[in-house]
Amino acid sequence: MLVLFRWRRDPNLYAIAVEYPTAPRSPWTGLPVHSAYEWAADVAGRLSEELATGLVRRARRTVHGGYVLLDPRDAPDVDPPGYSISLVPPHPTEPGSWLAKAGLDVTIPRQLSAGSRLACWLQAYVYNERRMTVVGQAAASWENEERTTVRLDLVQVLPGFPPEVCHALVRLAVFEAAEAGALRVVTEIDDAALAELGFRPALGGGLVLHTDTQRPAQSR
């Protein structure tokens with residue numbers, strides 16, 4: 001059977017396949033259950049835990065008529081191996097000062113934050129010698145007052161680090177935009193790798209990615 005659900009303000013309708021039980025055991029703990037209600041409650045508990053730990057972002061996707069089927073089996077981690085990506089936490093006076101010390105240009109995200117247009121600001125770390133070192137960032141802004149369009153303004157990775165870090169920063173920026181309700185992400189960044197992530201040429205220049213995966217691929 002399929003469990004259909006919405007996730008935050010993401011425009012997509014998602015689905016997860018759940019097998020009917022062949023034995024009176026919990027699909028979550030493996031322990032015996034004594035009623036259909038108890039089994040269903042454990043299904044809900046397991047799905048809640050999966051969603052809270054990023055299922056929508058990490059699961060493989062298959063687009064069907066009307067919904068996106070998520071398959072969590074053997075799904076790759078959103079972060080590249082050895083790296084971690086997270087939101088830049090707010091700071092009352094010097095947001096992202098540690099990024100600037102690492103050699104990243106924080107001018108654009110600080111301006112967006114000061115103008116209340118910042119949609120997301122991400123940072124990438126690498127784990128080495130038992131410490132975390134900043135290696136990259138990405139920033140995106142709200143393009144219109146209706147908050148239906150997000151602009152990817154900045155993607156920066158320090159020299160010497162693999163392109164997978166840049167790809168992950170862009171992917172997570174798109175996820176952040178979709179979960180905040182954006183219907184599209186646009187950018188003027190000229191990077192051929194963006195096509196691999198779903199960006200297409202837009203009318204008037206630049207690139208666009210529609211966050212609704214049911215939408216036919218087309219420029220706009």
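The following dialogue explains how several labels are assigned in this predicted model.

Guide: This is a predicted model, in which local features need pLDDT of at least 70 and side-chain atom pairs count only at pLDDT 80 or more, while totals for chains, interfaces and linings use all residues. Residues are numbered from 1 along each chain as its sequence is written, and side-chain values use heavy atoms, with hydrogens and water left out.

Visitor: Why is Cys120 called buried?

Guide: Buried means under 20% relative accessible area, exposed means over 50%, and partly exposed lies in between (1.4 Å probe, protein chains only). Cys120 has a relative accessible area of 5%, so the term buried applies. Cys166, at 18%, is buried as well.

Visitor: Why are the side chains of Glu176 and Arg57 said to meet in a salt bridge?

Guide: A salt bridge is a side-chain nitrogen of Lys or Arg within 4 Å of a carboxyl oxygen of Asp or Glu. For Glu176 and Arg57 the N to O distance is 2.8 Å, so the pair meets the definition. Glu176 lies in helix H5 and Arg57 in helix H2 (residues 55-58), and the two are 119 residues apart, so that the pair links distant parts of the chain. Helices (H or I, at least four residues) and strands (E, at least two) are DSSP runs, numbered from the N terminus.

Visitor: Which residues are linked with Arg57 in a network of salt bridges?

Guide: The network links Arg8, Arg57, Glu176 and Glu179. Within it, the side chains of Glu179 and Arg57 meet at 3.0 Å, N to O, and these two residues are 122 apart, in helix H5 and helix H2. Glu179 is buried at 9% relative accessibility, and Arg57 is buried at 18%. By this rule, seven salt bridges are counted.

Visitor: Why is the pair of Tyr83 and Phe161 called edge-to-face?

Guide: Rings of Phe, Tyr and Trp (its six-membered ring) pair if their centres lie within 6.5 Å; planes under 30 degrees apart count as stacked, over 60 as edge-to-face and the rest as tilted. The rings of Tyr83 and Phe161 are 6.5 Å apart, centre to centre, with 85° between the planes, so the pair counts as edge-to-face. Tyr83 lies in strand S5 and Phe161 in the loop between S8 and H5, so the pair ties together parts that are 78 residues apart in sequence. Tyr83 is buried at 15% relative accessible area, whereas Phe161 counts as partly exposed at 31%. Two aromatic pairs are found in the whole structure.

Visitor: What makes a group of residues a nonpolar core?

Guide: A nonpolar core is a set of buried Ala, Val, Leu, Ile, Met, Phe, Trp, Tyr and Cys residues joined through side-chain atoms within 4.5 Å. The largest core has 28 residues, of which Ile85, Val150, Leu169, Val185 and Phe199 touch the most other members. Helix H5 (163-179) is one of the elements that each supply at least two residues of this core, and the largest share, nine residues, comes from H5. A second, separate core of 15 residues includes Phe5, Ile16, Val33 and Leu55.
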